Amino acid sequence: MSRIRVLFGLAALLMAVGLWLALNAPPDALQGEYSRLINIHVPSLWLAFLAFGVTALGSMMWLIRKRPRWDRLAAASVEVGVLFTGIGLVTGMIWGHAVWGIAWDWGDPRLASTAVMFFVYLGYMALRGAIDDPVTRARRSAILGVVAFVQVPLVYFSVNLFRTLHPTQSVRPDGSTMPDEMLIAMLVNVVAFTVLYIALMAARIDVAIAEEGADSEQALAGDAVKPPKISEVEDV
Amino acid sequence: MTFWSQALEIARVDLSVERRVGETMRVVLPFAVVSLLVFPIALGLQVSVVGEIGPAVFWALGVLFGMQVALRQSAADSPERRDLQALVGVDPAARFVGRTLSGAVLTFAFLMALFIAMVVFYGPSLPPGSVPALFLSSSLFAIGLTELGTLAGEITAGIRNRTALASLIVAPLALPLVIGASQTLEALVRGESILPWVLLMIANGLALAVLGVALAKPLEEAAR
């Protein structure tokens, strides 16, 4: 069995356990059943921050080492990060609609800044799509991958910097504000989503390697035409 | 030539080219002023409401059209010009700093002209101390936006759809600048300190300056 299948299998198993724990944890007194969305929302956004951090790391390493594997790592991580940012935004809007009575609250800087982060990395993907030469693409994407990360801490700490309705971090160095059952369910889901991220990354990197191989083997028009040797050319 | 004399020379040449071409003041500014007129017409707003939304519209147009100033065609070097600069030993970091300086001067001038137009057409009631706060926030906004524009301009040099792609990169990354600049005036209205918002813009500008200088060499290679 390939390592990617093992990783996806492990992620599925952990997600099943996480789902069971999430459904059996007591609902929040105020938020009711909607509080269970935290088990998808928090792990998704945790993965988004992790993914964009890995992109910044891969980008920096490409600029230093110039090895294709760092570019593949950065590019794969952005794609997975954008996917999970989207999931985090949608689950946050569903939760906001149910609990705040409005899906998109302009008074919540975390929501607006997360949407902005989503578009920054969509721009990164658009940049990659616009460049054909692999080295130029890697170099320019690496620079943007480093620059784009500047706004990620602002997104993360926006709930602390601004007065907002959005809940602040539930798990802090001095302890947790959540009941144990909810906390355990959320942490298991964080681990499950992280394993899923690793599996998706491994699969995407394999696809990128296969794409590069296909590109280098692809026959170009005129490849089959050989120039005649001087000795074969008859004098006219 | 020292680093700073190289940077200042590049800024001077950029400003001379801009004075001759007039892209910012003859094309971008009139377009921004027209957009300023379109908002109340499209929204059908009452006179009192127009005054209230004036500063917000000013910053929204400031970021959208400020990007066009930062990404102006007259600041895009041809490959031949880049090669020439490399041959004569121009430091890529000095090039970044010089381009940012010239762009910041133009963006600041553009913002001041747009602000005057906004005051004339919208008639907002500005709190005391608005003018020095506006000068400060516009300067920091112009520097930050130009740093981003210079970086995005280099990253997208020679790519098809360059302007649209660079704008897609700059607009979301300019959010801290828009927040800082707009909240400076809002803080004055509320009677609060403007310091946190000024510090946000300074931190953003410094981070971009450090990145721009540190990444100047790969940027130079990337733009070829």
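Predicted model: local features only at pLDDT ≥ 70, side-chain atom pairs only at ≥ 80, totals over all residues.
**Entry 1: Chain A, a first look**

I began by listing the elements of chain A and found seven helices and two strands. Reading along the sequence, I wrote down the pattern α-α-α-α-α-α-β-β-α. Next I looked up burial, and 36% of the 236 residues of chain A count as buried. I also looked at contacts between residues at least 6 apart in the sequence of chain A: 77% of them join residues at least 24 apart.

**Entry 2: Chain B, a first look**

Written from the N terminus on, the elements run α-α-α-α-α-α-α-α-α-α.

Then I looked up the dimensions of chain B. Its C-alpha trace spans about 60 × 35 × 25 Å along the principal axes. Buried residues make up 46% of chain B. For contacts in chain B with a separation of 6 or more, residues 24 or more positions apart account for 87%.

**Entry 3: Along helix α2 of chain B**

I picked one helix to follow from end to end. Helix α2 of chain B covers residues 23-43, which is 21 residues. From first C-alpha to last it reaches 29 Å, close to the 30 Å expected at 1.5 Å a residue.

Where does α2(B) bend? The place is Leu29(B), where the bend is about 30°. I noted that a proline, Pro30(B), follows within four residues. Just after the helix, Gly44(B) takes a positive phi of about 60°.

I found Thr24(B), Val28(B), Leu29(B), Ala32(B) and Leu36(B) buried. A reminder to myself: an α-helix has 3.6 residues a turn, so residues three or four places apart point the same way. The buried residues of α2(B) pack against α1 (3-21), α3 (47-70) and α5 (92-122) of chain B.

I stayed with Leu114(B) and left aside its neighbours within four places in sequence. Its contacts are then Leu29(B), Ala32(B), Val33(B), Phe58(B), Leu61(B) and Gly62(B).

**Entry 4: Met112(B)**

I then looked up Met112(B), which lies in helix α5 of chain B. Is Met112(B) buried or partly exposed? It is partly exposed, because 14 other C-beta atoms lie within 10 Å, while a buried residue needs 20 or more. Met112(B) and Leu134(B) are 22 residues apart in sequence, yet their C-alpha atoms are 8.9 Å apart in space.

**Entry 5: Where the chains meet**

Last, I turned to the contact between the chains. It takes 21 residues from chain A and 20 residues from chain B. On the chain A side, α4 (109-130) and α5 (134-148) each supply at least two residues. By class, that side of chain A has 15 nonpolar, four polar and two charged residues.

Technical notes
Residues numbered from 1 in each chain as written. Chains lettered and ligands numbered in written order. Expected span 1.5 Å × (residues − 1). Bend = angle between axes of the 7 residues up to and from the residue. Buried ≥ 20, exposed ≤ 12 C-beta atoms within 10 Å, placed from the backbone. Contact = placed C-beta atoms within 7 Å. Nonpolar A, V, L, I, M, F, W, Y, C, P; charged D, E, K, R; others polar.
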